[in-house]
Amino acid sequence: MSGVIVATIVGVSLSGSGQAQTAGNLTVEVDGLRNQSGELCLKLFSGSRGFPNSNESALKRQCVKIAANPLTLTFNNLKPGSYAVAVFHDTNGDRSLNRNGLGMPSEGFGFSQNPLVRQGPPSFGTAAFFLAGPETRLKIQMRYSVGN
């Protein structure tokens with residue numbers, strides 16, 4: 001009798017751990033784009049290394065023509081875990097966030113969790129969110145420096 005109970009507990013435990021490892025999709029809605037010129041570029045990070053600027057450290061990258069505001073993009077088949085997204089409005093098509101002479105972004109930008117940005121980009125921990133389940137949605141509000 002006790003063997004049946006142990007087998008049942010092990011079976012339930014194994015089936016639960018299998019569900020926890022199911023891949024999910026992340027849908028990102030970006031709002032507040034000033035115009036439809038250029039492209040919108042997103043970088044998905046699974047850790048702090050290189051966040052938010054490194055192309056090489058990004059888990060996934062995607063640039064798309066701006067066709068709507070808000071614009072929605074999806075990253076598919078992601079493992080459960082902590083992620084952060086950095087986004088920028090690439091108005092000149094060079095696929096990098098351009099800056100003015102003072103080092104301030106001259107193109108629009110945004111981050112998951114929409115943290116307050118005062119001096120420099122936020123840390124991974126400030127922008128991080130947890131992805132779990134089949135569908136995770138988040139909204140990013142674009143920001144533009146004054147005069148740009």
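Okay, a bit of housekeeping. What we have here is a predicted model, where local features need pLDDT of at least 70, side-chain atom pairs count only at pLDDT 80 or more, and totals for chains, interfaces and linings use all residues. Residues are numbered from 1 along each chain as its sequence is written, and side-chain values use heavy atoms, with hydrogens and water left out.

Let's start with the aromatics. How many aromatic pairs does a search of the whole structure find? Five. Rings of Phe, Tyr and Trp (its six-membered ring) pair if their centres lie within 6.5 Å; planes under 30 degrees apart are stacked, over 60 edge-to-face, and the rest tilted. Take F45 and F51: the planes of their rings sit at 85°, with the centres 5.2 Å apart, so we call that pair edge-to-face. Both F45 and F51 are buried, and buried means under 20% relative accessible area, exposed over 50%, partly exposed in between (1.4 Å probe, protein chains only). Then there's F109 with F111, a tilted pair with 55° between the planes and 6.1 Å centre to centre. F109 counts as buried at 10% relative accessibility, and F111 does too, at 8%.

On to the cysteines. There's one disulfide in the structure, a disulfide being a pair of cysteine sulfur atoms within 2.5 Å. The partners are C41 and C63, with sulfur atoms 2.1 Å apart. They link distant parts of the chain, 22 residues apart: C41 is in strand β2 (residues 39-45) and C63 in strand β3 (residues 60-65). When I say strands (E, at least two residues) or helices (H or I, at least four), I mean DSSP runs, numbered from the N terminus. The S-S torsion for C41 and C63 is about 115°, so this disulfide is right-handed. Is C41 buried or exposed? Buried, with a relative accessible area of 2%, while C63 is partly exposed at 24%.

Now the core. In soluble globular proteins, nonpolar side chains tend to be buried together. A nonpolar core here is a set of buried Ala, Val, Leu, Ile, Met, Phe, Trp, Tyr and Cys residues joined through side-chain atoms within 4.5 Å. The largest one has 21 residues, and L26, V28, L40, L42 and V85 touch the most other members. Several elements give two or more residues to this core, including β1 (24-31) and β8 (135-141). β4 gives the largest share, four residues.

Last stop, the largest pocket. On its lining there are 25 residues, and L97, R99, P105, F109 and P121 lie nearest the centre. For the record, a pocket is an open set of points on a 1 Å grid over the protein atoms alone where a 1.4 Å probe fits, with protein on both sides within 12 Å along at least five of seven lines; lining residues have an atom within 4 Å of a point. Which strand supplies the largest share of that lining? That's β5, with three residues.

P121 is partly exposed, at 42% relative accessible area. Its C-alpha is 7.3 Å from that of P52, though P121 and P52 are 69 residues apart in sequence.
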